[in-house]
Amino acid sequence: MIILKSPQEIEKMRVSGKAVGEILAELKKTVAPGIKTSELDSLSADLIEKKKAKSAFLNYHGFPSYVCVSVNEEVVHGIPGDRMIQDGDLVSIDFGLFIDGYCGDSAFSVVVGKSDPKKEKLMQVTEDSLFAGIEQMRVGNRLFDISHAVQKVIEENGFSVVRDFVGHGIGRQMHEDPQLPNYGSPNKGPRLEVGMVLAIEPMVNMGTHQVKVLEDGWTVVTEDGLPSAHFEHTVAITENGPEILTIRPE
Ligand code: MG
Ligand code: MG
């Protein structure tokens with residue numbers, strides 16, 4: 001069942017979404033060659049405490065960290081640790097928290113250090129696909145209009161859409177109905193309504209769309225070892241169209 005949020009609830013989700021955007025902006029400033037992924041986790045823990053927020057990730061089904069850091073062939077759910085970020089790595093950072101009982105969830109990818117045009121294109125297309133999906137979040141459209149718009153941008157650029165993981169409704173829980181695939185046929189699925197809040201999160205691979213989970217039980221990697229990128233925003237449907245709740249301040 002899709003839970004519609006009242007204007008008062010959306011107001012609370014603006015607060016948690018803003019905090020997520022601010023923390024991701026700090027993480028983006030920090031990520032660089034020579035940094036260990038565990039340092040991004042400690043920083044996330046500090047920032048979340050400053051906001052008096054509760055982590056959405058720590059202990060979620062046993063996840064051990066405050067943030068997911070997924071490098072190159074890692075798609076999502078990378079566990080921070082001793083891995084040192086290298087020049088030219090494509091790093092995806094996913095972060096979520098609760099404030100006053102409401103969740104915000106967002107992610108970005110960045111190529112650190114020396115430029116790598118192929119990885120940068122993958123990153124840009126992934127972000128563009130997210131915004132194409134957000135643009136469809138309007139009353140009168142249907143859920144899979146979002147999915148279709150995301151898929152179109154990705155495949156027109158020669159990349160592939162991960163099937164095994166999807167976006168989701170969000171509110172008092174991080175993961176609510178509906179599931180939101182990043183592929184699908186237009187004019188299908190539930191009609192979009194004011195008060196729906198969705199986390200759209202395309203995961204885009206340079207090569208095959210096939211992925212597998214490593215032995216740690218979390219880290220998702222591409223089957224062919226080629227890079228993957230991930231962008232996500234928590235977005236509310238309002239009478240005036242989509243409102244991105246997790247914008248990162250520059
Ligand atoms: Mg996320
Ligand atoms: Mg999510």
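Trainee: In this predicted model, which residue meets Glu-127 in a salt bridge?
Mentor: The N-to-O distance of the pair is 3.9 Å, which falls within the 4 Å cut-off for a salt bridge. Glu-127 lies in helix H3 and its partner in the segment after E15, so the pair ties together parts that are 121 residues apart in sequence. The partner of Glu-127 is Arg-248.

Trainee: Is Arg-248 buried or exposed?
Mentor: Glu-127, at 22% relative accessibility, counts as partly exposed. Arg-248 has a relative accessible area of 14%, and the limit for a buried residue is under 20%. Arg-248 is therefore buried.

Trainee: What length does helix H3 reach from its first C-alpha to its last?
Mentor: Helix H3 covers residues 117-135, a run of 19 residues. At 1.5 Å a residue the expected reach is 27 Å, and the helix comes close to that value. Several of its residues are buried, including Leu-122, Met-123, Val-125 and Leu-130. From first to last C-alpha, H3 reaches 27 Å.

Trainee: How many salt bridges does a search of the whole structure find?
Mentor: One of them joins Glu-176 to Lys-5, with the closest N and O atoms 2.6 Å apart. Another is formed by the side chains of Arg-14 and Glu-11, also listed at 2.6 Å from N to O. The search of the whole structure finds twelve.

Trainee: How many residues apart in sequence are the parts tied together by Glu-176 and Lys-5?
Mentor: The two side chains form a salt bridge. Glu-176 is buried at 11% relative accessible area, and Lys-5 counts as buried at 8%. Glu-176 belongs to strand E8 (residues 176-180) and Lys-5 to the segment before helix H1 (7-30), so the parts they tie together are 171 residues apart.

Trainee: What separation, in helical turns, lies between Arg-14 and Glu-11?
Mentor: Both residues are partly exposed, Arg-14 with a relative accessible area of 30% and Glu-11 with 43%. They are three residues apart in helix H1. Their separation is therefore about one helical turn.

Trainee: Which residues coordinate the magnesium ion (ligand 1)?
Mentor: The donor distances run from 2.0 to 2.6 Å, and the donors follow the spacing D-x10-D-x126-E along the chain. Two of the listed donor entries belong to one aspartate, Asp-94. The coordinating residues are Asp-94, Asp-105 and Glu-232.

Trainee: Which residue coordinates both magnesium ions, ligand 1 and ligand 2?
Mentor: The two ions are 3.2 Å apart. The residue in question lies in strand E5 (residues 102-111), while Glu-232 lies in the loop between strand E13 (228-230) and strand E14 (233-238), so the pair ties together parts that are 127 residues apart in sequence.

Trainee: Why is strand E14 described as largely enclosed by the rest of the structure?
Mentor: His-233, Val-235 and Ile-237 point one way from E14, whereas Thr-234, Ala-236 and Thr-238 point the other way. In a regular strand, side chains alternate between the two faces of the sheet. The residues on both sides of E14 are buried. E14 is largely enclosed because the number of its residues that are buried is six of six.

Trainee: Which strand forms a hairpin with E14?
Mentor: On one side, four bridges join E14 to strand E9 (residues 197-200) in an antiparallel arrangement, and Ile-200 has His-233 as its bridge partner. Four bridges also join E14, again antiparallel, to a strand of residues 241-244, where Thr-238 stands opposite Gly-241. Two residues lie between the hairpin strands.

Trainee: Which residue's backbone oxygen does the side chain of Ser-160 reach?
Mentor: Ser-160 is placed in strand E6 (residues 160-161) and counts as buried at 12% relative accessibility. Beyond four places away in sequence, the residues it touches include Ile-154, Met-203, Val-204 and His-209. The side chain of Ser-160 reaches a backbone oxygen at 2.6 Å, that of Gly-207.

Methods. Residues are numbered from 1 along each chain as its sequence is written. Chains are lettered from A and ligands numbered from 1 in the order in which they are written. This is a predicted model: local features need pLDDT of at least 70, side-chain atom pairs count only at pLDDT 80 or more; totals for chains, interfaces and linings use all residues. Side-chain values use heavy atoms; hydrogens and water are left out. Donors are N, O and S atoms within 2.8 Å of the metal (3.2 Å for Na, K and Ca); water is not among the atoms, so sites may look incomplete. Buried means under 20% relative accessible area, exposed over 50%, partly exposed in between (1.4 Å probe, protein chains only). Two strands pair if DSSP finds at least two bridges between them. The expected span of a helix is 1.5 Å times one less than its number of residues. A polar contact is a pair of N or O atoms within 3.5 Å; within protein, one must be able to donate a hydrogen and the other to accept it, and residues adjacent in sequence count only if both atoms are side-chain atoms. Contact means heavy atoms within 4.5 Å.
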